[in-house]
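Please keep the sequence and the structure in view while reading.

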Amino acid sequence: MDRSNLAWQSKLVLLLVVPWTAVSVVIEARWWVAQQPAVAEWTLGLSAALGLLAFSLRTATPAAALTGATISASLMFSMFEAPFRPWRTGLIPVLTVLVLTSLATRFGRRTKERLGTAETRRGRGAAQVAANLGMAALIMDPFVQSALVDTHWLVGRTFASVFALGLAALAEAAADTVSSEIGQVLGGTPLMITTFRRVEPGIDGGITLAGSASGMIAAGLVAFAGFFALPLEPSILFVSWAGGVFGFLFDSLLGATMERAGWLNNDGVNFVSTASAVAFVLALLAIIPHPGVG
């Protein structure tokens, strides 16, 4: 199906994510330069290094690498344990996502090329990066965090509990890519998530047992990376993982319905799926009595 007429969705995702995140990074950097210059230096330096690494490994185009670096800086500024230490920030789960998705994309590349499902060797584009990682940056923006804590949904929660929202979005991004890439190689003939009928590999909405299991493991690894880096309780680790799993399964459902119908393109599906992971965690935080508060 020709989805070229849906390119506006990719541009919309970029417009929603990049300007807001870039402005937030500038504001945060200026504030930290005045208060603790080392925080701004470490954040901007490591984020730039991560972007350069992604570009050098050919996992991202130059624009995508810049977008990823901006999002990484935003998450480092907004997700950290006081006192600030670079290895106790949102950089760790972001780096975990990068490693997992890069390895999964390279795994069994010859098989994927034979099936016609291999990703282009020039790497992901800026819209793909924004669609996968942008929701985490938006929901973890300091202004959004403050607004969430002040609402009745999260009354009485600590900011550490709110980190579960960003972690769930990152976990979903990793789980979605890993499940798809591993499933194409090891999963055999996929089943359509809505009918459980056999479909060709690469068909939107197709799932495999190996792919789904890999996605759940990937979501768990990202959640654990956040648990290692940030001040979280074990219950928040579980909530983040559950949000990531829900999101990547919802991604398959959207692929089987709205993407196959030509209503959403892949970037639209990915962005909505990460948003669904955040919404699922919000629901859990509203239901479960004060997880992670200590």
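## Backbone, helix contact and rings

F196 counts as exposed because its relative accessibility is 56%; exposed means over 50% relative accessible area, buried under 20%, and partly exposed in between, with a 1.4 Å probe and protein chains only. The model is predicted, so local features need pLDDT of at least 70 and side-chain atom pairs count only at pLDDT 80 or more, while totals for chains, interfaces and linings use all residues. Residues are numbered from 1 along each chain as its sequence is written, and side-chain values use heavy atoms, with hydrogens and water left out.

**Backbone**

F196 is not a glycine, yet its phi is positive, at about 60°. The residue sits in the loop between β1 (191-192) and β2 (206-207). Helices (H or I, at least four residues) and strands (E, at least two) are DSSP runs, numbered from the N terminus.

R58, also a residue other than glycine, has a positive phi near 60°. R58 belongs to the loop between α2 (37-56) and α3, and its relative accessibility of 62% makes it exposed.

A cis peptide bond joins A82 to P83, with omega near -5°. P83 is part of the loop between α3 (62-78) and α4 (91-106).

**Helices α10 and α11**

Helix α10 (residues 234-259) and helix α11 (residues 266-287) have axes that come within 7 Å and cross at roughly 140°. Axes are lines fitted to C-alpha atoms, for helices over the stretch in contact, and angles run from 0 to 180 degrees between N-to-C directions. The two helices are therefore oblique to each other: angles under 35 degrees count as roughly parallel, over 145 as roughly antiparallel, 65 to 115 as roughly perpendicular, and the rest as oblique. The crossing of α10 and α11 is right-handed, that is, the near helix is turned clockwise from the far one by less than a right angle.

Residues making the contact (heavy atoms within 4.5 Å) include I236, V239, F246 and F250 of α10 and V269, V272, F280 and L284 of α11. By class, the contact has 13 nonpolar, seven polar and two charged residues. Ala, Val, Leu, Ile, Met, Phe, Trp, Tyr, Cys and Pro count as nonpolar, Asp, Glu, Lys and Arg as charged, and the others, Gly among them, as polar.

F250 is in helix α10. Leaving out residues up to four places away in sequence, F250 touches V272, S273 and S276. From F250 to G188 there are 62 residues in sequence and 21 Å in space, C-alpha to C-alpha.

**Aromatic rings**

The structure holds seven aromatic pairs. Rings of Phe, Tyr and Trp (its six-membered ring) pair if their centres lie within 6.5 Å; planes under 30 degrees apart count as stacked, over 60 as edge-to-face and the rest as tilted. Two of the pairs are tabulated.

| Pair | Centre distance | Plane angle | Class |
|---|---|---|---|
| W31 and W32 | 4.8 Å | 90° | edge-to-face |
| F246 and F250 | 6.0 Å | 10° | stacked |

W31 is partly exposed, at 48% relative accessibility, whereas W32 is buried, at 9%. Ring pairs also link W31, W32, F80 and F84 into a cluster.

F246 and F250 are four residues apart in helix α10 and so are separated by about one helical turn. F246 is partly exposed, with a relative accessible area of 33%, and F250 is partly exposed at 25% relative accessibility.
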